[in-house]
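Please look through the sequence and the model below before reading on.

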Amino acid sequence: MTVDELDTRILRLLLEQPRTSVREYARILGVARGTLQARLDRLERDGVITGTGPTLSPAALGHPVLAFVHIEVTQGHLDDVGDALAAVPEIVEAFSITGGGDLLTRVVARDNAHLEDVIQKLISLPGVVRTRSEVALRERVPQRLLPLVESIGRSAARK
């Protein structure tokens with residue numbers, strides 16, 4: 001999918017002012033409401049916009065410990081283990097990866113003892129060979145997409 005300059009302006013507004021109405025976005029951008037809505041619909045349909053809900057803080061929800069857990073899986077059991085991970089509420093993301101391990105998970109916990117309990121639960125899953133954990137000490141760059149959107153917008157403007 002090609003993202004043009006108007007698309008990037010729309011995405012920037014969505015990231016900077018997520019609670020603004022479509023009518024107000026159209027006014028700010030100087031486009032018709034129907035044009036804006038059609039663009040939003042296309043961006044959603046093409047998978048560029050994947051959600052509109054709030055971003056939540058696990059720490060504020062009582063889970064301030066963040067760890068990245070690498071999981072090595074018995075050959076042929078990747079899908080089974082991946083499905084089992086979905087049943088563990090403390091796993092907030094999981095990815096198949098290359099390199100050391102087969103899966104990389106982002107795990108949140110109430111404290112280090114709780115993290116150990118979660119890891120023990122992972123180790124006990126059928127098909128899990130071993131885990132390796134790395135505890136995050138401090139967030140240095142929060143999740144962000146605005147710099148990427150701005151870079152894409154600059155590229156689109158030069159075309």
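## Secondary structure

Helices and strands are here taken as DSSP runs, a helix having at least four residues and a strand at least two, and they are numbered from the N terminus. Counted in this way, the chain of this predicted model has six helices and four strands. Followed along the sequence, these elements come in the order α-α-α-β-α-β-β-α-β-α.

## Overall dimensions and contacts

The radius of gyration of the chain is 20 Å, whereas a compact globule of 159 residues would have one near 15 Å.

Among the contacts in the chain with a separation of 6 or more, 67% are between residues 24 or more positions apart.

Of the 159 residues in the chain, 27% are buried. The accessible surface amounts to about 10,700 Å², and carbon and sulfur atoms contribute 51% of that surface.

## Two domains

The domain assignment divides the chain into domain 1, which covers residues 5-54, and domain 2, which covers residues 58-136. Between the C-alpha centres of domain 1 and domain 2 there is a distance of 35 Å.

## A residue in helix α1

Helix α1 runs over residues 5-16, and T8 is one of the residues found in it. Is T8 buried or exposed? The relative accessible area of T8 is 8%, and because a residue counts as buried when this value is under 20%, T8 is buried.

When residues up to four places away in sequence are not counted, T8 touches V3, V149, I152 and G153.

## A residue in strand β1

Strand β1 covers residues 65-73, and H70 is found within this strand. The relative accessibility of H70 is 12%, so H70 also counts as buried by the cut-off of under 20%.

Which residues are in contact with H70, once its neighbours within four places in sequence are left aside? The partners of H70 are I97, G100, L103 and L104, together with R130, T131, R132 and E134.

Key
Residues are numbered from 1 along each chain as its sequence is written. This is a predicted model: local features need pLDDT of at least 70, side-chain atom pairs count only at pLDDT 80 or more; totals for chains, interfaces and linings use all residues. Side-chain values use heavy atoms; hydrogens and water are left out. The radius of gyration is taken over C-alpha atoms; the globule rule is 2.2 Å times the number of residues to the power 0.38. Buried means under 20% relative accessible area, exposed over 50%, partly exposed in between (1.4 Å probe, protein chains only). Contact means heavy atoms within 4.5 Å. Accessible areas come from the Shrake-Rupley method with a 1.4 Å probe; for residues, only the protein chains shown count as cover. Domain bounds come from an automatic or database domain assignment.
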